[in-house]
Amino acid sequence: MSGMFGEVRQVSTHKSVEWYTPSWIFEALDITFDLDPASPHDMESAVPALKKYTVFDDGLNSPWSGRVWLNPPYGPETPKWMERMVNHGNGIALVFSRTDARWCQIAMQFADAMLFVRGRIEFVPGRENQHKKSRCGAGTVLFAFGNECVLALKKMESFGVFIPRAVND
Ligand SMILES: C[S@@+](CC[C@H](N)C(=O)[O-])C[C@H]1O[C@@H](n2cnc3c(N)ncnc32)[C@H](O)[C@@H]1O
């Protein structure tokens with residue numbers, strides 16, 4: 001991939017992207033979303049979103065509106081999803097904290113706040129991973145875009161290090 005987000009090779013310890021966000025995160029954020037553009041097609045996730053796109057809709061290339069929850073398919077597609085999120089500017093993204101990757105560097109520059117989660121999150125297995133245990137190869141960071149999402153993310157500050165965007169003079 002080329003462009004502002006550059007070429008990224010992200011290595012994951014999982015071949016499958018069917019690992020879902022645990023419900024405690026949404027309870028802690030205490031906010032609902034208008035759209036989840038990357039949602040499982042064969043089971044209900046815990047994401048409190050009014051509209052959900054699955055792989056059959058191709059959420060990356062479908063219209064986005066309102067407040068978006070994004071836990072994108074990780075791997076080589078992550079930069080494209082994060083580029084879309086940065087440009088959309090309204091929502092919360094949960095991704096591996098690959099702070100050296102170009103897409104992560106750009107998200108850190110443009111997000112209104114971020115939270116580096118302490119420890120490793122146990123993700124919820126999709127159907128094909130039912131008997132596997134969640135073993136993340138990296139920590140997690142959540143990026144907030146827009147004031148309402150910053151306030152929601154701040155509610156999670158006891159779960160890690162919350163960093164609001166610096167205010168310029
Ligand atoms: C890491 S999971 C996150 C699921 C859910 N958003 C959550 O937070 O629990 C990413 C999901 O995106 C789906 N997906 C993959 N490519 C997609 C696409 N082009 N459009 C929409 N969904 C897609 C996968 O099937 C998978 O269920």
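I count two residues as in contact when their C-beta atoms, placed from the backbone, lie within 7 Å. I'm working on a predicted model, where local features need pLDDT of at least 70 and side-chain atom pairs count only at pLDDT 80 or more, while totals for chains, interfaces and linings use all residues. Residues are numbered from 1 along each chain as its sequence is written.

I looked up Leu153, leaving out neighbours within four places in sequence, and found contacts with Leu29, Ile92, Ala113, Leu115, Leu142, Ala144 and Phe162. Buried here means 20 or more other C-beta atoms within 10 Å of a residue's own, C-beta atoms being placed from the backbone. That core has 33 residues, and Leu153 is listed among those with the most contacts inside it, along with Ile92, Ala93, Leu142, Phe143 and Ala144. Strand β8 gives the largest share of this core, 5 residues.

**Helices.** I take helices (H or I, at least four residues) and strands (E, at least two) as DSSP runs, numbered from the N terminus. In α2, I find Thr78, Pro79, Trp81, Met82 and Met85 buried. Seen down the axis, they fall within an arc of 160 degrees (taken from the directions from the helix axis to the C-beta atoms), so they line one face of α2. They pack against β4, β5, α3 and β8. Gly89 follows α2, with a positive phi near 75 degrees.

In α3 (102-110), Trp103, Cys104 and Ala107 are buried. Their arc is only 95 degrees, which puts them on the same side of α3. Their cover includes α2 and β8.

Note on methods. A residue is buried if 20 or more other C-beta atoms lie within 10 Å of its own, exposed if 12 or fewer, and partly exposed in between; C-beta atoms are placed from the backbone. A nonpolar core is a set of buried Ala, Val, Leu, Ile, Met, Phe, Trp, Tyr and Cys residues joined through C-beta atoms within 7 Å.
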